[in-house]
Amino acid sequence: MSLSLPADPPGARSLTDVVPNVLAALEGAPSWFAPARSAIVLLVDGLGRGNLTARAGYARFLTQRMTKKDAARTVFPATTAAALASLLTGDAPGAHGLVGYRARVPGTDQVPNQLRGYETDGLDPLTWQRSRPLLEREAERGRPVFVVTKAAYEGTGFTRALQRGAEFVAAASIVERVERAADLALRHPGALIYAYVPELDAIGHARGWESDEWSAGLETVDAAARTLDTALGRHAGAVVTADHGMVDVPRHRQMLVGAGDELWEGVRVVGGEPRMLHLYAEDGGAEGVFARWHAREQARAWVLRRRDAIEAGLFGKAVAPDVEERIGDVLVAARASVAYYDDRESDKKPQNMIGQHGSLTDAERIVPLVRLGAFAVGG
C-alpha cells in the first residue's frame with residue numbers, strides 16, 4: 001500500500017526528547033536548553049502551537065518569548081495518555097504501550113480508557129505502561145523530583161504509571177501551581193519539577209478552542225507563565241509545552257455511524273477516540289473493514305492497516321510484540337475537520353464535545369517549546 005502521510009521535517013524536535021534535554025541542561029551537557037541549576041517542565045494540556053499563535057493577543061508574553069524554533073512534534077496518536085507517557089518515559093507509544101485514548105487489552109473485548117482504566121478496568125499501572133518513568137529513575141539517582149498538579153490526581157493509577165518516584169505536591173489553581181513549582185526549583189538545586197495544567201484542555205473540549213472561554217483560559221496561562229519567568233530569573237529554567245493541539249469540530253461536521261451501516265461490518269470492538277479510531281476486526285475480517293472504510297472515508301481520513309501504520313513508524317521506530325495487538329487492525333485518523341462517532345452507543349454525551357484531537361494534522365501534533373528563566377538565556 002502506498003501511504004500519503006504527513007512527514008515530520010528533517011531535524012524536527014519530538015516531545016519524547018523534552019525531558020532528556022532538560023536533564024542534559026541540568027548536567028551542563030549539550031541540550032536544546034541553556035544550563036540551569038534546576039528545571040521545571042510546565043505541561044499545558046491542549047495548547048497546540050497553532051492554537052497559541054492564532055490567539056496571540058491573549059498570550060502576549062508566551063508568543064513574544066516563542067521563537068520559530070520553539071516547537072516540537074507530539075506523538076501519534078496526538079492524545080494525552082500517549083503523549084504524557086512519551087514525555088515522562090522518553091519512549092514512543094510502540095514501546096511504552098499507551099497507544100491511544102482507548103485501546104484493546106489483547107485477547108479480550110475490553111477497550112479501557114488509558115487515563116482511568118487502572119481504576120475502572122483493572123489495568124496494572126506497573127506493567128501496562130511498559131517503560132520506566134524518568135522521574136523514578138532520576139529520584140533513585142538522588143535527584144530531587146517533584147510533581148505539582150491538582151490534588152485529585154494523587155495516587156491514581158495513571159499517576160503511579162508515569163510519575164512514581166516523585167514527591168507529589170497538590171496545588172489548586174494554575175497560579176498556585178507555578179508558584180509552588182518555582183519555590184521548589186529555587187530551594188532544591190538540581191531538582192526536576194513536572195507541573196501539569198489540565199484546565200485549558202477541559203475548556204476546549206466543552207466550548208471549543210475558538211471560544212471566548214478558551215481565550216480567557218489562555219490569558220490565565222499566559223499570566224502564570226510570566227509569573228514563573230519572573231520568579232525563576234536566571235537561577236532555574238522552565239519550558240512550557242503541551243501534549244497535543246486541538247481542532248474544533250462543530251456538530252454538523254460529526255460523522256455519526258449508526259446501526260446497520262456497512263462500515264461496522266466485520267468490526268468487533270471500537271477503540272481510540274473520534275479523531276483517531278482503533279477498529280478491532282472479527283477474526284479474518286480486517287481486510288474487509290479496511291476496504292470499506294478506505295473506500296468511503298479516504299477523502300476525509302487516513303485509513304491504515306495496523307501493519308502499514310507500524311511500518312510507517314507512526315508508533316515509533318519499533319513496536320514491542322506485546323503492544324502490537326493493542327493497536328487496531330484498522331486505524332481511521334481524520335484529516336478533515338470531522339470526528340467519527342459510534343452512534344449505536346446509548347450515551348450521546350461525548351457528541352457534545354467541540355474541541356478534539358488525536359490525529360496526524362499539524363494543528364494536533366505541533367506543540368510549543370517556550371523557554372523561561374535560565375533556559376531562555378542566549379535564546
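I take strands to be DSSP runs of E with at least two residues, numbered from the N terminus. The model I am reading is predicted.

**Entry 1, largest pocket.** I looked up which element gives the largest share of the lining of the largest pocket. That element is β9, with four residues. The pocket holds about 1,200 Å³ of space. I then went through its 40 lining residues and noted those closest to the centre: Tyr101, Arg102, Asn113, Leu115 and Arg116. Elements that give two or more residues to this lining include α4 (80–89), α10 (199–207) and β13 (339–342). Sorted by class, I have 18 nonpolar, 12 polar and 10 charged residues in the lining.

I went back to β9 and asked where it sits in its sheet. The sheet is open, has four strands in the order β9-β10-β12-β11, and pairs antiparallel. Strands β9 and β11 (301–305) are the edges, each pairing on one side only. For the twist I noted an average of 20° from one strand to the next.

I followed β11 to β12 (residues 330–334), an antiparallel pair joined by five bridges. Across this pair, Trp302 stands opposite Ala333 in β12. I also checked helix α12 (residues 286–297), which packs on the sheet and touches β9, β10 (276–281), β11 and β12. The direction of α12 makes about 165° with that of β11.

Definitions and conventions. Residues numbered from 1 in each chain as written. Predicted model: local features only at pLDDT ≥ 70, side-chain atom pairs only at ≥ 80, totals over all residues. Heavy atoms only, no water. 1 Å grid on protein atoms, 1.4 Å probe; cavity = no way out; pocket = protein on both sides within 12 Å on 5 of 7 lines; lining within 4 Å. Points joined across faces, edges and corners; volume = space filled by probe spheres on them. Nonpolar A, V, L, I, M, F, W, Y, C, P; charged D, E, K, R; others polar. Pairing = 2+ DSSP bridges. Axes fitted to C-alpha atoms, helices over the stretch in contact; angles between N-to-C directions. Contact = heavy atoms within 4.5 Å.
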